[in-house]
Amino acid sequence: MNTSYTRFTLGETITDEQRYFFNKNGFIHFKNFIQPETVNDIIQASLKVQQHWIEQEKIKVNGIPIKYGKDLDGSAIVQRFAFLNQQHPLFAGLTHDPRFDTLLSLIGPGARLGTEEKDGMVLNHYVNGPKSKFTQMGWHTDGLRDIFQGQKLNPMLNVGIHLSSLKPENGGLRVLPGTHKQSLYQLLFRKKYFLDHKADLKEVAIVPEAGDLTIHDGRLWHRVAQSAISGEQSRRRVIYLPIIAGKYEPKHENSPTAFYQRFAKLVK
Ligand SMILES: O=C(O)CCC(=O)C(=O)O
Ligand SMILES: [Fe+2]
């Protein structure tokens, strides 16, 4: 497993070296973006939202289906939250961290945080146990959604805030460096979207500590590998927030559910 790549520290600006690495590889990893105490507060806030949604039997937020599953003890949990920034002041506050402005420069003019667009701030919660269904995610790019929706592929970056410290055997994000610079054909057909779970010889394993931040290009091929270990040690939480350029397309309570989201559960 290839886990050797440069980790950076985010400062006031993106350095030339960081920009070069990102443009070449389509991803970048910054250490210690948030403190361990903040990570803990974030997890606690997600549990509050989870409890509220379970009580309300909430199915969708702004048209985006909420993914429910079972924890190790069999209790109901939310495994994919969307638009979290609209659900709790802590998450709204997180989006106002001025350091995101520094990251916007990676994409170019017109860039903004997608707090009201796409799926807003997402939190994925994976756990590998006897009753779990959400333990991995097959190869995909995040940008394909735009094409499904009949739009041209707009520039998009996905910012990850990692809330769990991982070892390589815990699974997690795997990326294919450089695949953000590919033809439309490769974007569509390099692998079978979401069905292919096989490790690729050229994949790089992102191995974060809780509090680290990563960014990947919307055109980059990536997957989430299943943890080889089950139980508590397999628990993995990660937040994603898109950086978007192009047309502003906010979602609201009555936004329709996209066609591809209706069959999403068949392929994951
Ligand atoms: O959980 C991750 O790290 C990646 C998830 C992902 O690729 C996605 O939700 O599109
Ligand atoms: Fe993704």
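Rings of Phe, Tyr and Trp (its six-membered ring) are taken as a pair if their centres lie within 6.5 Å. In this predicted model, ring pairs link Tyr 5, Phe 8, Phe 21, Phe 27 and Phe 30 into a cluster.

**Aromatic pairs**
- The count of aromatic pairs comes to 10.
- One of them joins Phe 21 and Phe 27 edge-to-face, with 5.4 Å centre to centre and 80° between the planes.
- Phe 21 and Phe 27 are both buried.
- Another aromatic pair, Tyr 185 with Phe 189, is tilted, at 5.0 Å centre to centre and 55° between the planes.
- Helix H6 (residues 184–189) holds both Tyr 185 and Phe 189, which are four residues apart, or about one turn of the helix.
- Tyr 185 and Phe 189 are both exposed.

**Charges over rings**
- Tyr 5, a member of the ring cluster, has the charged end of Arg 7 over its ring, 3.8 Å from the ring centre.
- The ring of Phe 33 has the charged end of Arg 99 over it, 3.9 Å from the centre.

**Ile 28**
- Strand S1 (residues 27–30) contains Ile 28.
- Ile 28 has a relative accessible area of 0% and is therefore buried, since buried means under 20%.
- Leaving out residues up to four places away in sequence, Ile 28 touches Phe 8, Gln 18, Phe 21, Phe 22, Leu 213, Thr 214 and Ile 215.
- Among these contacts is Phe 8, which is 20 residues from Ile 28 in sequence and 7.8 Å from it in space, C-alpha to C-alpha.
- Phe 8 and Phe 21, both touched by Ile 28, also belong to the ring cluster.

**Lys 191**
- The loop between H6 and strand S11 (204–205) contains Lys 191.
- Lys 191 counts as buried because its relative accessibility is 14%, and the limit for buried is under 20%.
- Apart from neighbours within four places in sequence, Lys 191 is in contact with Trp 139, Leu 176, Asp 196, Asp 200 and Trp 221.

**The S4–S5 hairpin**
- Strand S4 (residues 67–70) pairs with strand S5 (residues 76–81) in the antiparallel sense, over four bridges.
- Lys 70 has Ala 76 in S5 as its bridge partner.
- Five residues lie between the two strands of this hairpin, and Gly 74 takes a positive phi near 90°.

**The four-stranded sheet**
- Four strands in the order S8-S13-S10-S11 form an open sheet with antiparallel pairing.
- S8 (137–140) and S11 stand at the edges with a single partner strand each, so one side of each is left without a neighbour in the sheet.
- Within this sheet, S10 (residues 172–175) and S13 (residues 222–225) pair in the antiparallel sense over four bridges.
- Arg 174 has Arg 223 in S13 as its bridge partner.

**Ligand 1**
- The residues around ligand 1 are Asn 124, Tyr 126, Met 137, His 140, Asp 142, Arg 145, Leu 173, His 222, Val 224, Arg 236, Val 238 and Tyr 240.
- Asp 142 places a polar side-chain atom 3.1 Å from an oxygen atom of the ligand.
- For His 222, an N or O atom of the side chain is 3.0 Å from an oxygen atom of ligand 1.
- Arg 236 has a polar side-chain atom 2.6 Å from an oxygen atom of ligand 1.

Technical notes: Residues are numbered from 1 along each chain as its sequence is written. Chains are lettered from A and ligands numbered from 1 in the order in which they are written. This is a predicted model: local features need pLDDT of at least 70, side-chain atom pairs count only at pLDDT 80 or more; totals for chains, interfaces and linings use all residues. Side-chain values use heavy atoms; hydrogens and water are left out. Two strands pair if DSSP finds at least two bridges between them. Rings of Phe, Tyr and Trp (its six-membered ring) pair if their centres lie within 6.5 Å; planes under 30 degrees apart count as stacked, over 60 as edge-to-face and the rest as tilted. Buried means under 20% relative accessible area, exposed over 50%, partly exposed in between (1.4 Å probe, protein chains only). A charge sits over a ring if NZ of Lys or CZ of Arg is within 6 Å of the ring centre and within 35 degrees of the ring normal. Contact means heavy atoms within 4.5 Å. A residue is near a molecule or strand if one of its heavy atoms lies within 4 Å of it. A polar contact is a pair of N or O atoms within 3.5 Å; within protein, one must be able to donate a hydrogen and the other to accept it, and residues adjacent in sequence count only if both atoms are side-chain atoms.
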